[in-house]
Amino acid sequence: MMALEQDAIPVIDFGEWSKGSANDKKCIAQELTVACRRVGFVYIVNHGVPNDLLEEAFRWSEKLFDLPQEKKMLAPHPPGPTVHRGYSWPGLEKVSQDIIKDGDETREVENRKISDVKESYEIGSEESELQPNVWLPEDVLPGFREFAMQFYWKCFEAAKQLLRALAIGVGLEDEDFFLRFHSGENNQLRLLHYPPVEAEKLSSNEVARMPAHSDWGTITMLFQDECGGLQVEHPNEPDHFVDATPMKNALVMNVGDLLMRWSNDSLKSTLHRVTLPPVQDKSQFDDKAMTRRRYSIPYFVSPDPAAIIECLSYEPVVQEDYRRMRGRGQYAETPAAAVTAF
């Protein structure tokens with residue numbers, strides 16, 4: 001059942017979704033859409049991604065980011081925002097809610113004054129022509145590519161059930177309505193690592209982890225470790241953020257911009273951020289308190305590139321056009337140097 005505390009992110013159990021009655025499915029779908037209308041974020045338990053597979057995914061992520069920097073740089077993120085694949089070193093990506101117009105270099109430089117101290121590795125479908133994967137050589141991390149693709153498609157199986165529930169919850173007769181726009185080939189699996197950073201630098205906004213932003217696609221499924229630091233804007237108090245406390249073996253699902261658009265703004269694409277974790281390591285560096293390292297694995301579910309998102313309140317938009325508009329400024333055409341002084 002769904003928790004209804006005003007400040008809490010609701011929790012929904014999908015355990016009965018696949019084996020329950022039509023009425024069970026309708027109840028789960030209604031709980032999901034109520035949460036998406038009110039908060040835009042929800043914890044999902046019994047989501048269909050096996051716990052042992054999740055644990056293995058986090059082990060692979062740790063192995064990847066523990067590699068020497070020169071090894072990780074064998075699969076660099078391409079310059080600019082067009083292809084979002086491969087390894088992004090600390091300081092390369094700058095997350096922002098601002099939409100930067102072509103040629104607005106002043107705004108872009110201003111946004112990049114505060115670096116995001118995180119590193120990531122982006123993975124997509126091997127069938128995507130617009131977003132070709134950038135892989136490490138097999139001998140650098142044997143077995144990683146095979147596992148990543150297995151995990152990518154397993155996540156999509158869980159995502160399909162969420163998309164079906166959302167269709168039922170918003171009152172569509174065809175539970176596969178959203179699936180017609182989602183082949184799975186335009187999704188993105190992201191491995192994220194936030195290395196230790198001086199707590200004072202983070203709290204004083206000298207550096208950032210991930211500033212407040214909304215996601216661009218349909219839905220996001222997030223798996224996170226126990227560190228914490230993810231915060232969600234309160235549904236009734238702008239600029240007030242509440243903790244999305246890690247819940248073991250649960251995923252955090254949130255509504256993306258295109259689903260909000262599809263639903264005529266009835267489902268909320270909510271601002272969220274990653275900031276100072278509530279629990280600090282006892283480690284010190286030059287007598288300065290350091291944050292804990294944090295690992296998370298978001299899976300971004302997006303419509304196919306040529307999909308047209310139509311509704312009453314907005315002009316129709318093509319997914320790829322919207323992605324390019326939102327991505328402008330996130331990755332500079334001339335890549336930024338790595339941030340090394342945390």
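A crossing of two helices is left-handed if the near helix is turned anticlockwise from the far one by less than a right angle, and right-handed if clockwise. The model used below is predicted.

**Exercise 1.** Classify the packing of helix H2 against helix H5: what are the angle and the axis separation, and what is the handedness of the crossing?

*Solution.*
1. Locate the helices. H2 covers residues 51-66 and H5 covers residues 144-169.
2. Take the geometry. The packing angle is about 140°, and the axes lie 11 Å apart.
3. Apply the cut-offs. Over 145 degrees counts as roughly antiparallel, and 65 to 115 as roughly perpendicular. H2 and H5 are therefore oblique to each other.
4. Assign the hand. H2 and H5 cross in the left-handed sense.

**Exercise 2.** Which residues make the contact between H2 and H5, and how do they divide by class?

*Solution.*
1. From H2, list Leu53, Leu54, Glu56, Ala57, Trp60 and Leu64.
2. From H5, list Phe144, Phe147, Gln150, Phe151 and Lys154.
3. Sort them. The contact of H2 with H5 has 8 nonpolar, 1 polar and 2 charged residues.

**Exercise 3.** Compare the span of H1 and of H5 with expectation. Which residue with positive phi comes after each helix?

*Solution.*
1. H1 (residues 22-38) has 17 residues. Its end-to-end C-alpha reach is 24 Å, close to the expected 24 Å.
2. H5 has 26 residues. Its reach is 37 Å, close to the expected 38 Å.
3. Just after H1, Gly40 has a positive phi of about 90°. H5 is followed by Gly171, with a positive phi near 95°.

**Exercise 4.** Which residues of H1 are buried, and what do they pack against?

*Solution.*
1. Buried means under 20% relative accessible area. In H1 the buried residues are Ile28, Ala29, Glu31, Leu32, Thr33, Ala35 and Cys36.
2. These buried residues pack against strands S1 (11-13), S2 (41-45) and S10 (251-255), and against H5.

Technical notes: Residues numbered from 1 in each chain as written. Predicted model: local features only at pLDDT ≥ 70, side-chain atom pairs only at ≥ 80, totals over all residues. Heavy atoms only, no water. Axes fitted to C-alpha atoms, helices over the stretch in contact; angles between N-to-C directions. Helix = DSSP H or I, 4+ residues; strand = E, 2+ residues; numbered from the N terminus. Parallel < 35°, antiparallel > 145°, perpendicular 65-115°, else oblique. Contact = heavy atoms within 4.5 Å. Nonpolar A, V, L, I, M, F, W, Y, C, P; charged D, E, K, R; others polar. Expected span 1.5 Å × (residues − 1). Buried < 20%, exposed > 50% of the residue type's maximum accessible area, 1.4 Å probe, protein only.
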